[in-house]
Amino acid sequence: MGDLAATLTGGHGATMEPSPYRIQSKKLTMWLFIASDAVTFGAILFGYAYLRVGSPEWPRPFHFSPSILNGMVMTAVLLTSSLTMLGAVAAAKAGQRASVIRWLSATVLLGIAFATLHLREWFHMFDEGWGLAKNPDGGPLMFGATFFSITGLHLMHVISGVVALVVVGIGYNTKWLDEGHIETTGLYWHFVDLVWMFVFPLLYLMNATR
Amino acid sequence: MDASHDPGMRFNIAIWIGLLAIAGVEVFMTYRGLSTHRLLAVLLILAFVEAGIGLLYFMHLKFERPSLLWSFVISVVFVILMMNQLWPDAYRMVSIGHK
C-alpha cells in the first residue's frame with residue numbers, strides 16, 4: 001500500500017493516473033492473468049464436460065479406493081495450503097518476517113505433497129495401461145487425452161506456484177521483495193486451488209466407478 | 001485490501017472447514033446414483049459455490065473495491081459464454097465416430 005499512497009499523494013502522482021481499483025499495479029496484473037487463466041481452464045473444462053456427457057461409453061475407471069480417496073486427500077492438502085498462504089499474507093502485512101517464512105514453507109511443503117500424490121496417481125494409471133491416447137479397456141481414447149491434458153495443465157500450475165513461492169520467499173527474506181509480492185503470489189496460489197475445485201469433481205468424481 | 005479488512009485466522013479456518021465440507025458433499029452426491037447429466041449439474045453448482053467463497057474470502061475480493069469484483073466476474077463469464085458457441089462441437093466429434 002506504500003507505493004499506492006505515494007502515487008496518490010505525491011511522487012509520480014503528477015504524471016500517473018491513479019488505479020481505478022485502488023490496488024498496486026502488480027496486483028492488478030495478477031488479476032488480469034487470473035482472468036485470462038480462468039477463461040483457459042473454463043474453456044477446456046466445459047469442452048470436456050460436453051464431450052463427457054455426450055459419450056455414453058465414457059470410461060469410469062476411478063474406484064473409491066484408492067483413486068477417489070487419493071483425490072479427497074489431494075483436495076484437503078490443497079485447501080490447507082491456501083489456509084497457510086493466508087497466514088503468510090497476514091504475517092507479511094503485520095511485518096512478521098520470520099512468521100511469513102514459516103507459513104510460506106508450510107505452503108511449499110503442501111504444494112509438493114499435492115504434486116507427489118498427483119504423480120503417484122498418474123503412474124498408477126500408466127501401470128494400468130492408461131495414456132494420452134491409450135485405453136486399456138478398448139473404449140473411447142478421449143478419456144486419457146482429456147484427463148492427462150487437464151490434470152497436467154493444473155499440475156504445471158502447482159509446480160510453477162511452488163517455484164514462485166520459493167523465489168518470493170527468498171526475495172522477501174532478503175528484503176528484495178515486499179509484502180505486496182507475498183499477497184500477489186498468494187492470489188495465484190488461491191487461484192490454483194480454485195481450479196482444483198472444478199478439476200476434482202469433473203475429472204475424478206464424474207468418472208468414478210458407481 | 002488493507003490490514004483493517006483482514007478477517008483473521010479464525011474466520012479463515014471456518015471458511016476452510018466450509019470448503020472441505022462442500023468437497024465432502026460432492027463425494028457423497030457422486031454415490032447417490034444420479035444420472036450423468038444430473039450429477040454434472042449438481043457437481044458444477046457445488047464447484048461454483050466453492051469457487052465463489054474462495055474468490056470472496058481467500059482471494060479477498062469481498063474486501064476490494066466492488067468495481068474490481070464486477071470487472072473480473074463479468075469479463076470472465078462473458079468470454080466463457082461466448083465460447084459456448086464452440087463447445088457443442090464436441091458432440092460432432094462423437095457423432096462422426098472419433099474415439
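Me: How are H4(A) and H5(A) oriented to each other, roughly parallel or roughly antiparallel?

Reply: Two packed helices are described by the angle between their axes and the distance between the axes. In this predicted model, helix H4 (residues 97-128) and helix H5 (residues 142-173) of chain A have axes that come within 10 Å and cross at roughly 160°. An angle over 145 degrees counts as roughly antiparallel, and H4(A) and H5(A) are therefore roughly antiparallel to each other.

Me: What is the handedness of the crossing of H4(A) and H5(A), left-handed or right-handed?

Reply: The crossing of H4(A) past H5(A) is left-handed.

Me: Which residues of H4(A) and H5(A) meet?

Reply: On the H4(A) side they include A:Val100, A:Ile101, A:Leu104, A:Val108, A:Ile112 and A:Phe114. Among their counterparts in H5(A) are A:Leu155, A:Val158, A:Ile159, A:Val162, A:Leu165 and A:Val166. By class, the contact of H4(A) with H5(A) has 14 nonpolar, seven polar and one charged residues.

Me: How do H3(A) and H1(B) pack?

Reply: Helix H3 (residues 64-93) of chain A and helix H1 (residues 9-30) of chain B have axes 10 Å apart, at an angle of about 165°. H3(A) and H1(B) are therefore roughly antiparallel to each other. The crossing of H3(A) past H1(B) is right-handed.

Me: Which residues make the contact of H3(A) with H1(B)?

Reply: From H3(A) they include A:Ile68, A:Met72, A:Leu79, A:Leu83 and A:Leu86, along with A:Gly87. From H1(B) they include B:Met9, B:Ile13, B:Trp16, B:Leu19 and B:Leu20, along with B:Asn12. The contact of H3(A) with H1(B) has 14 nonpolar residues, three polar and no charged.

Me: How many residues does each chain give to the contact between chain A and chain B?

Reply: The size of an interface is often given as the accessible area lost when the parts come together. Here the description is by residues: 44 come from chain B and 44 from chain A. On the side of chain B that touches chain A, the elements giving two or more residues are H1, helix H2 (36-58), helix H3 (66-83) and helix H4 (89-95). H2(B) gives the most, with 12 residues. That side of chain B has 29 nonpolar, eight polar and seven charged residues.

Me: What is the secondary structure of chain A and of chain B?

Reply: Chain A has six helices and zero strands, and its elements run α-α-α-α-α-α from the N terminus on. Chain B has four helices and zero strands, in the pattern α-α-α-α along the sequence.

Me: What share of the residues is buried in chain A and in chain B?

Reply: Burial is judged here by neighbours: 20 or more other C-beta atoms within 10 Å make a residue buried. In chain A, 41% of the 210 residues are buried. In chain B, 19% of the 99 residues count as buried.

Me: What are the dimensions of chain A along its principal axes, and what part of its contacts joins residues 24 or more positions apart?

Reply: The C-alpha trace of chain A spans about 70 × 35 × 25 Å along its principal axes. Of the contacts in chain A with a separation of 6 or more, 72% are between residues 24 or more positions apart.

Me: Where are the backbone exceptions?

Reply: Most residues other than glycine have a negative phi, and most peptide bonds are trans. The peptide bond from A:Ser65 to A:Pro66 is cis, with omega near 15°. A:Pro66 lies in helix H3 of chain A. A:Lys175 is not a glycine, yet has a positive phi of about 65°. B:His60, also not a glycine, has a positive phi of about 65°.

Me: Where do A:Lys175 and B:His60 lie, and are they exposed or partly exposed?

Reply: A:Lys175 is in the loop between H5 and H6 of chain A. A:Lys175 has 8 C-beta neighbours inside 10 Å and so counts as exposed. B:His60 is in the loop between H2 and H3 of chain B. With 19 C-beta neighbours inside 10 Å, B:His60 counts as partly exposed.

Conventions:
Residues are numbered from 1 along each chain as its sequence is written. Chains are lettered from A and ligands numbered from 1 in the order in which they are written. This is a predicted model: local features need pLDDT of at least 70, side-chain atom pairs count only at pLDDT 80 or more; totals for chains, interfaces and linings use all residues. Axes are lines fitted to C-alpha atoms, for helices over the stretch in contact, and angles run from 0 to 180 degrees between N-to-C directions. Angles under 35 degrees count as roughly parallel, over 145 as roughly antiparallel, 65 to 115 as roughly perpendicular and the rest as oblique. A crossing is left-handed if the near helix is turned anticlockwise from the far one by less than a right angle, and right-handed if clockwise. Two residues are in contact if their C-beta atoms, placed from the backbone, lie within 7 Å. Ala, Val, Leu, Ile, Met, Phe, Trp, Tyr, Cys and Pro count as nonpolar, Asp, Glu, Lys and Arg as charged, and the others, Gly among them, as polar. A residue is buried if 20 or more other C-beta atoms lie within 10 Å of its own, exposed if 12 or fewer, and partly exposed in between; C-beta atoms are placed from the backbone.
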